[in-house]
Amino acid sequence: MFGIDDSRGFDLNIEKVLENWEVYHALREIVSNALDEQTLTGTKPIEIFSDIKGYWHIRDYGRGLQYIHFTQNENEEKLKAPNLIGKFGVGLKDALATFDSHGIIVTIQSKHGVFTFDKMKKAEFDDIITLHAIVHRPNDALFIGTEFIIQGCTQNDIDKAKSMFLCFSDLQRLEDTYIGDVYRRSKEGSKIYINGVLVATEANFMFSYNITSLNTAIKKALNRERTNVWRTAYADRVKAILLQCTSECVLQTIVDETYLKINGKWMYLYRAVDRDRQTIDFWLSKTRDCKAAKKFFRKALKSPHNSNPRVITTDKYAATIKTIKNEIKLERLHPKTKHRSSKYLNSIIEQDHRHIKRITNHMCGFKHFKSACATIQGIEAMNMIRKGQANTKSIRDEIALVNAIFCCA
């Protein structure tokens, strides 16, 4: 590769710089490539550290970067292998261009050479200056892996980059499936990862997820920047992960009540949904006490589409807690049914209440309890159809569902 000269340079041919990228976006690409190399080669974990000069190092222990990698748009090996993060050539050049635009100096070393970067005239176009890679002789022919030495980035840049990877988070894994894994929700919200890289944060999801089996919608949505992945792309995969779950900490029925004013008095609408936000049952009551809670639980347990729950999550209202204990004692609930009282975990049904409130809040109010019951039955019926619970193939099926709800509600 090297002749008499100690180094040679070539144009990276970067056509477009991602102007909205910050330093941490570029660091994300370097870390992604290192993690992918770790996965492909089965070598020890990557290292990220700073030296006494304040330079940051990102090192893997794989096969070592070669100059040919700078000429690639997409690495065929990475495109074919499962559970990898990125397309090597694209992300690497985007990162180098971003570093250059922010005044960050990068040196790369491996057993194949030492690589530095500088602005030079484009071949045959003296008036055009582009970013070139300068390839030098290797310092150590026995060097293991690839090491990026980065001058000018801060601890905050490194922390931001690491926050975009599941492997550097402290999320607790609750269950794994062949489609992906379920993790406990973080303080910032529910994190959505694809092959370990953060693509979205959801305020209203109950868990965090790492999707490892990608469908067509996700593959189309994953863009060059790995950002702005819409919920529609991963919603089906999240649902599929939940349907595969069997652990008690994930499988749960969530029960809560909301309020309606009827003829100037507050009444109580008891509602229950399952882990997939599917409506289990509902019941409008004039009182909020143990007797009302007991009636609702027994009604819900008789619903033909409801199975005996393994975990029930409610708020910390004493009457509800007492009722669940009594139902377990009377064996109407399974003896091993677990109850959780947590306002935080119960947020999923609080979101489901909005479909009811969105309609009732714009009404002039209810004058009679009977008319309120009929209205709520209609709203819940349409809500269930909207969720796809009806399993209907025709208008007649939907009419049958509405009739069933009005008869049993």
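**Helix H10**

Helices in these notes are DSSP runs of H or I with at least four residues, strands are DSSP runs of E with at least two, and both are numbered from the N terminus. I was working in a predicted model throughout. I began with helix H10, which covers residues 369-386 and holds 18 residues. From its first C-alpha to its last I found 26 Å, close to the 26 Å expected at 1.5 Å a residue.

I then listed the buried residues of H10, which are Ala372, Cys373, Ile376, Gln377, Ile379, Glu380, Ala381, Asn383, Met384 and Ile385. I kept in mind that an α-helix has 3.6 residues a turn, so residues three or four places apart point the same way. Methionine 384, found in helix H10, has a relative accessibility of 7% and therefore counts as buried, since the cut-off for that word is under 20%. Just after H10 I came to glycine 388, which takes a positive phi of about 85°.

How far apart are the end C-alpha atoms of H8, and what should its twelve residues span? I found the end atoms 17 Å apart, which agrees with the 16 Å that twelve residues should span at 1.5 Å a residue. The buried residues of H8 are Ala319, Thr320, Ile321, Thr323, Ile324 and Glu327.

H8 is followed by glutamate 331, whose phi is positive, near 65°. Arginine 332 sits in the loop that runs from helix H8 (318-329) to strand E17 (338-341), and with a relative accessible area of 38% it is partly exposed.

**Positive patch**

Arginine 332 also belongs to a patch of positive charge on the surface, where it gathers with Lys291, Lys294, Lys295, Lys302 and Lys322. Which helix gives the most to this patch? I noted helix H7 (residues 290-302), which contributes four residues.

**Salt bridges**

Side chains of opposite charge can pair when their charged atoms come close. My search of the whole structure returned five salt bridges, and I followed up some of them, checking the exposure of each partner.

One of them joins the side chains of glutamate 37 and arginine 63, at 2.9 Å from N to O. This pair links distant parts of the chain, 26 residues apart, with glutamate 37 in helix H1 (residues 23-41) and arginine 63 in the loop between strand E3 (56-60) and helix H2 (76-80). Glutamate 37 is buried at a relative accessible area of 14%, whereas arginine 63, at 39%, counts as partly exposed.

Another brings together aspartate 100 and lysine 119, whose side chains meet at 3.2 Å, N to O. Here too distant parts of the chain are linked, for aspartate 100 belongs to helix H3 (residues 88-101) and lysine 119 to strand E5 (residues 113-122), 19 residues apart. Aspartate 100 is partly exposed at 30% relative accessibility, and lysine 119 is partly exposed at 44%.

I also looked up glutamate 202 and arginine 231, whose side chains form a salt bridge of 2.7 Å, N to O. Glutamate 202 lies in strand E11 (residues 197-202) and arginine 231 in helix H6 (residues 231-244), so the bridge ties together parts that are 29 residues apart in sequence. Is glutamate 202 buried or exposed? At 5% relative accessibility, glutamate 202 counts as buried, while arginine 231 is partly exposed at 43%.

**Isoleucine 134**

Isoleucine 134 lies in strand E6 (residues 125-136) and is buried, with a relative accessible area of 13%. I found its C-alpha atom 5.6 Å from that of phenylalanine 115, a residue 19 places away along the chain.

Asparagine 195, in the loop between strand E10 (190-194) and E11, has a positive phi near 50°. Its relative accessibility is 14%, so asparagine 195 counts as buried.

Asparagine 263, which is not a glycine either, has a positive phi of about 55°. It is found in the loop between strand E13 (253-262) and strand E14 (265-273), and at 55% relative accessibility asparagine 263 counts as exposed.

How values were computed
Residues are numbered from 1 along each chain as its sequence is written. This is a predicted model: local features need pLDDT of at least 70, side-chain atom pairs count only at pLDDT 80 or more; totals for chains, interfaces and linings use all residues. Side-chain values use heavy atoms; hydrogens and water are left out. Patches are made of residues with over 30% relative accessible area and no salt bridge: like charges are joined within 9 Å, nonpolar side chains (Val, Leu, Ile, Met, Phe, Trp, Tyr) within 5 Å. Accessible areas come from the Shrake-Rupley method with a 1.4 Å probe; for residues, only the protein chains shown count as cover. A salt bridge is a side-chain nitrogen of Lys or Arg within 4 Å of a carboxyl oxygen of Asp or Glu. Lys and Arg count as positive and Asp and Glu as negative; His and the chain ends are not counted. The place of a charge is taken as NZ of Lys, CZ of Arg, CG of Asp or CD of Glu. Buried means under 20% relative accessible area, exposed over 50%, partly exposed in between (1.4 Å probe, protein chains only). The expected span of a helix is 1.5 Å times one less than its number of residues.
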